[in-house]
Amino acid sequence: MSTVETIKEKADLFRAELRKLEKTSEDVEMIIAIAKQEVSEATERIITKTRQQEKQLLESLEMTRRRRIKRINSAKQELESLVKQMNEAADFAENLVQRRSAADILQNKNKLREKLEEFHGVEVPKHRQATFVKFTAASQHNFKLGSIQVSEKPPIAAKSTLEGLYQTFQAGVEAKFTLCPRTSGGEMSDHDDLKDQVELLLKPAEDVTNVTVDEEYDGNVSLKFTPKVPGAYSIEVKINGDKLPTCPMIVQVKERELVVVGELELKLFPRDTLRWLCGIAVNTEGQIVVTDDFGDCLYVFDKDGNHLRTIGSEGSNTGQFLSPDSISFLNDDEVLIADSGNCRIQQLNIQTGTVVKSFGKEGREKGEFDRPIDVTVDDDERIVVTEWGNHRIQDITDVIVEEKENGNLRLKFTPKVPGAYNIEVKINGDKLPTCPMTVQVKERELFVISELKLKLFPGDKFERLYGIAVNTEGQIVVTDNFGHCVYVFDKDGNCLRKTGGEGSNTGQFQYPRGISFFNDNEVLIADLGNCRIQRLNIQTGTVVKSFGKFGKEKGELGNPVDVTVDDVERIIVTERENNRIQVMSKEGESIFTFGDKGPEKLHGPSCCVLHKNMFLVSDKEKHCIKAFDQSGTFLYKFGKKGNQDGQFNLPRGLLVDSSNNLLVCDTDNYRVQKFSLDGRFTGKSITRLSKPMAITKAPDGRILVTSHDQKKVYILK
C-alpha cells in the first residue's frame, strides 16, 4: 500500500506541475495578446502622425503651386498686352502708307516714329519662373516600429560559456559545439532570435567551410564548421559584438580517420566466382561495376549488390579482355575499361553489354599504349590513361587515332571554340606534304528538333510558362507564372497533377518562377510574390516545408526568382529585389549571401547555378554572366548588352550541360547561347525562340527550354 500511496503522491505532484504549465500557457497567451495590441497601437500612432505630415506637405505644395501659377499668369498678361500694342502700331503704320494721303502721312510721321522707336527699344521680359519641386523621403533604411523583448535579461558574453570544444576534431568532418547563453545573473537566457546576435569567427578562414549558427530547442546555440585540413584553428564567439571571456581559443584538428564500417555484399550468379578484383566504379544511380583481372571480365551489380550482368572473356576480339585493370563511368550507361593486356581502352554500354568503341594499340606514339593500368574521366570529359609500360600519363581526349578495317586510319579531335585550327599529320616523324593545313571551325548550331507535347486536363490551359525541371525518372514539372500553379507530367507528357492557386496560404502561389527537384519526389518552388520557398511533394501535392518572408536580413527573401540545389543539398536562392544570391541549408536556414556588395554587385539577377565550386549568375539588368567562387567572391564576368554573338539582352535561365558547356537563355534576343565556362562563345540556337526563360536537361540528354509568351517547351539538340 505504501507503494500505491507514493505513486498517488507523485501523480499529485505531476498534476500540480501540469496546472503550472497550463497557467504559464495562459500567461503567455495574455502577454503576447497585450504585446500584439501594443504593436498595433504603435502602428496606428505612426500612421496618424504620418497622415498629419502628409497633410502638411500636401498643403505646402499646394501653396507653392498657387504662388507660382499666379506669377506665371501675371507675366503672361504683361506679354499679351505688349504683343497687342505692337500689333496695333504695325497695323496703323501699314494703313497709313496704303490708304492715306501724303498730307496725313506727314502729319502723323513724328507720332508714328515715336511709337515705333518706343517699341523698338522694348526688350523681351525675362520671366524666370521656377519649375523645380522635389520631394525627398526620409530614410527608411534603419526604420523600425519597435522591438520585441522576450526576456527581462538579455544574454551577455561575459557570463556565457562554450561546451564541446574538448572533443576530437577531424579534417573534412563537421565539427559541432554549443554556446550556452547566460544573462548577467548567470541564468539560462530564453531570448528569441539568438542566432542573429551570435557571431562565429574562425581562423584560418580559408581552411573552413559550412559555417552555421543554429538555435536549439533547449535555448542553447549550435555552432558548426567543417575544417578542410589538419592543424590548429582559432575560434572566437561573440554575442552582440562582445566576445566570450574564453575566446579566442585554439583547437587542434587531426587528420581524417577512415574506418571500415562493413563489406559490400556482392551476390553473384550461381557457380560464378570472383578471382582477382581490380577496378571499381559507381554511377549516379548506384549501379556498381568491377573488373576481374584474372577472370578477364567485368561484373555489373545494382545498388543493392544484386548481380545484373557479366561482360567479356579472355581474348583480343572486341568485347574480350586480357587482364582488365581500371574502370570508370563515362556516363551513367557507359564505362571505359583499361584493357591492359590488349593495350587498348574499350568503351562499353553496361545496359546492353555491347562495345561502343575501342581505341589504342601497342606502341609509344600518341594514341598508342603499353600496359594501360588506369583510365579516368575528368569534369571536362577528358580521358586520362595511366601507362605502366610507357611510364607516362596520356590525355587522349583531344586527339584520337583509330585503325579502320580497310587499313586506313581515322583521326579525331574535338575543337572547344570556333576559329582557325592548324592541323599537321606525321608518319614516323615525317609530315605529309599537304601539312600543315588550316581548317575553320564554326560555332555550334543548336537545333529545335520539336516541341514537348504536354497534355493538360480537359478545359485546362497554360497562362504563362516559366520554370521547368526533370527528375531522374523523367517526370517533368513546370511553373505557370500567371496561373499561380505548378503542373506535374509523366515522362510521356501526360498531366498527373496541378497544384496551387493564387493566394498566400501554404500551397498557394503568387507568380511562381524557378523550380528544381530536391529529390525525385520533392521540388522547391521560388514563390516570388509571397517571398518564400515552398517544398512540395509532387506525388501527393502536399507542402513539406515553407520558409522565408519578405525582407533583407539573412533568412528573409526579396522576390525570389530562382531556386536550385547543389550536390550537398544546399539550397541556392536568387533574389531579384535584394540583388543577391542566398545559400541556405536544406532546412531553410541562411548560410551566407553574396552579390549585393562591391563594385561587381548584381542588378536584377535571374538565375544561379553551382558548378565545380563556382557560382554562375545571370545578371539580367547588366546583360552579362558573372562568376563567383564558393565563398561568394567575384571572379570574372563576360558579355554585354547587344545582339551579336556573345552579347545578351536580359539573360535568364542557365544550364551546365554534360560536356561542361554553359547554356544561357538570352531572352530578349530570342535565342539560347552556348559558352565555355571561361566565357568563350561556342554556339547558339539557329531557330528563333520566343521569350526563352528557363532551361534544363532530361535524363535522355534532351535540352528543354520554356517559352514564356508562347506557353510551350522547345526541345533542343
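Strand β30 covers residues 476–480 and is mostly covered: 5 of its 5 residues are buried. Buried here means under 20% relative accessible area, with exposed over 50% and partly exposed in between, using a 1.4 Å probe on protein chains only. Strands are DSSP runs of E, at least two residues long, numbered from the N terminus. I476, V478 and D480 point one way from β30, while V477 and T479 point the other way. Residues on both sides are buried.

This is a predicted model, so local features need pLDDT of at least 70, side-chain atom pairs count only at pLDDT 80 or more, and totals for chains, interfaces and linings use all residues. Residues are numbered from 1 along each chain as its sequence is written, and side-chain values use heavy atoms, leaving out hydrogens and water.

Now look at the partners of β30. Two strands pair if DSSP finds at least two bridges between them. Strand β29, residues 465–470, pairs with β30 in the antiparallel sense over 4 bridges. V470 has I476 of β30 as its bridge partner. The hairpin of β29 and β30 has 5 residues between the strands. There, G474 takes a positive phi near 90°.

Next comes β31, residues 485–489. Strands β30 and β31 run antiparallel and are joined by 5 bridges. I476 has a bridge partner here too: F489 in β31. The β30 and β31 hairpin has 4 residues between its strands. In this hairpin H484 takes a positive phi near 55°.

Strand β43 (residues 624–629) and strand β44 (residues 634–638) run antiparallel, joined by 4 bridges. F628 stands opposite F634 in β44. Between the two strands lie 4 residues, and G632 in this hairpin takes a positive phi near 95°.

Turn now to D292, found in strand β11, residues 288–292. Why does D292 count as buried? Because its relative accessibility is 0%. D292 and K626 are 334 residues apart in sequence, and their C-alpha atoms are 47 Å apart in space.

The surroundings of D292 can be listed. Contact means heavy atoms within 4.5 Å. Not counting residues up to four places away in sequence, D292 touches T273, L274, R275, W276, C297, Y299 and P324. A polar contact is a pair of N or O atoms within 3.5 Å; within protein, one must be able to donate a hydrogen and the other to accept it, and residues adjacent in sequence count only if both atoms are side-chain atoms. A polar atom of the D292 side chain lies 2.9 Å from the backbone nitrogen of R275. The D292 side chain also reaches the backbone nitrogen of G295, at 3.0 Å.
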